[in-house]
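Subject: Structure for your attention

Dear colleague,

Please find the structure below, together with its sequence. A summary of the findings follows it.

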Amino acid sequence: MINLESESQFKSLKKEHTVFEFTAGWCPDCRVIEPDLPQLEEKYKDFNFVSVDRDQFIDLAIEHDIMGIPSFLVFKDDELVGSYIGKERKSIVQIDEFLSQFDK
C-alpha cells in the first residue's frame, strides 16, 4: 500500500485504477482491517492501493464527503466510479464485496 504524500499525487493516482483508503492512526476500526488489507491488494492486482491519512488531508476528505473512517474511494481514468463511505465498522469481507464490482 502506498501512503499518500501530496494532493498532486492524489490527482495523479486517480487517473489510474486506484483504491484510496481514508484512515487515521488513532482509528480503531482502521486498525482492525489493516492486517487483512494485503490479501485484498494481492487479489485485486489491477488496483493501486493508497492510504490517505484523513487528518493530514482533511481538505480531500471534506471534498469527497468523508466524515467517517475507514472509507474507500475507487477511481478509474480520473473518474470516481465507487465509494464505500460511512462511520460503521467495515469487515474485510464487506470491503472485498465492494471491490469485487470493479474487478476487470
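Which residues form a nonpolar patch on the surface? The patch is formed by I58, I62 and M67, which together have about 280 Å² of accessible area. Accessible areas come from the Shrake-Rupley method with a 1.4 Å probe, and for residues only the protein chains shown count as cover. Patches are made of residues with over 30% relative accessible area and no salt bridge, where like charges are joined within 9 Å and nonpolar side chains (Val, Leu, Ile, Met, Phe, Trp, Tyr) within 5 Å. A salt bridge is a side-chain nitrogen of Lys or Arg within 4 Å of a carboxyl oxygen of Asp or Glu.

Please note that this is a predicted model, in which local features need pLDDT of at least 70 and side-chain atom pairs count only at pLDDT 80 or more, while totals for chains, interfaces and linings use all residues. Residues are numbered from 1 along each chain as its sequence is written, and side-chain values use heavy atoms, with hydrogens and water left out.

Helices (H or I, at least four residues) and strands (E, at least two) are DSSP runs, numbered from the N terminus. I62 is partly exposed, with a relative accessible area of 47%. Here buried means under 20% relative accessible area, exposed over 50%, and partly exposed in between (1.4 Å probe, protein chains only).

Helix α5 (residues 92-100) has I92, I95, F98 and L99 as its buried residues. Seen down the axis of α5, these fall within an arc of 120 degrees, so they line one face of the helix; the arc is that of the directions from the helix axis to the C-beta atoms. V93 and E97 are exposed on the other side of α5. The buried residues of α5 pack against β2 (18-23), α2 (28-33), α3 (37-43), β3 (48-53), β4 (71-76) and β5 (79-84).

The count of disulfides comes to one, a disulfide being a pair of cysteine sulfur atoms within 2.5 Å. This disulfide joins C27 to C30, with an S to S distance of 2.4 Å. The link of C27 and C30 is right-handed, with 80 degrees about the S-S bond. C27 is buried at a relative accessible area of 3%, and C30 is buried at 1%.

C30 is also among the contacts of T23, a residue of strand β2 that is buried, with a relative accessible area of 6%. Leaving aside neighbours within four places in sequence, T23 is in contact (heavy atoms within 4.5 Å) with C30, R31, S51, V52, D53, R54 and I69. S51 lies in strand β3 and counts as buried at 13% relative accessibility. With residues up to four places away in sequence not counted, S51 touches M1, I2, N3, L4, E21 and T23. The C-alpha atoms of S51 and V19 are separated by 8.6 Å, although these residues are 32 apart along the chain.

Some backbone details remain. Most residues other than glycine have a negative phi, and most peptide bonds are trans. The peptide bond from I69 to P70 is cis, with omega near 0 degrees, and P70 lies in the loop between α4 and β4. D65 is found in the loop between α4 and β4; its phi is positive, near 60 degrees. D77, in the loop between β4 and β5, has a positive phi near 50 degrees. D65 is exposed, with a relative accessible area of 57%, and D77 is exposed, with a relative accessible area of 57%.

Yours sincerely
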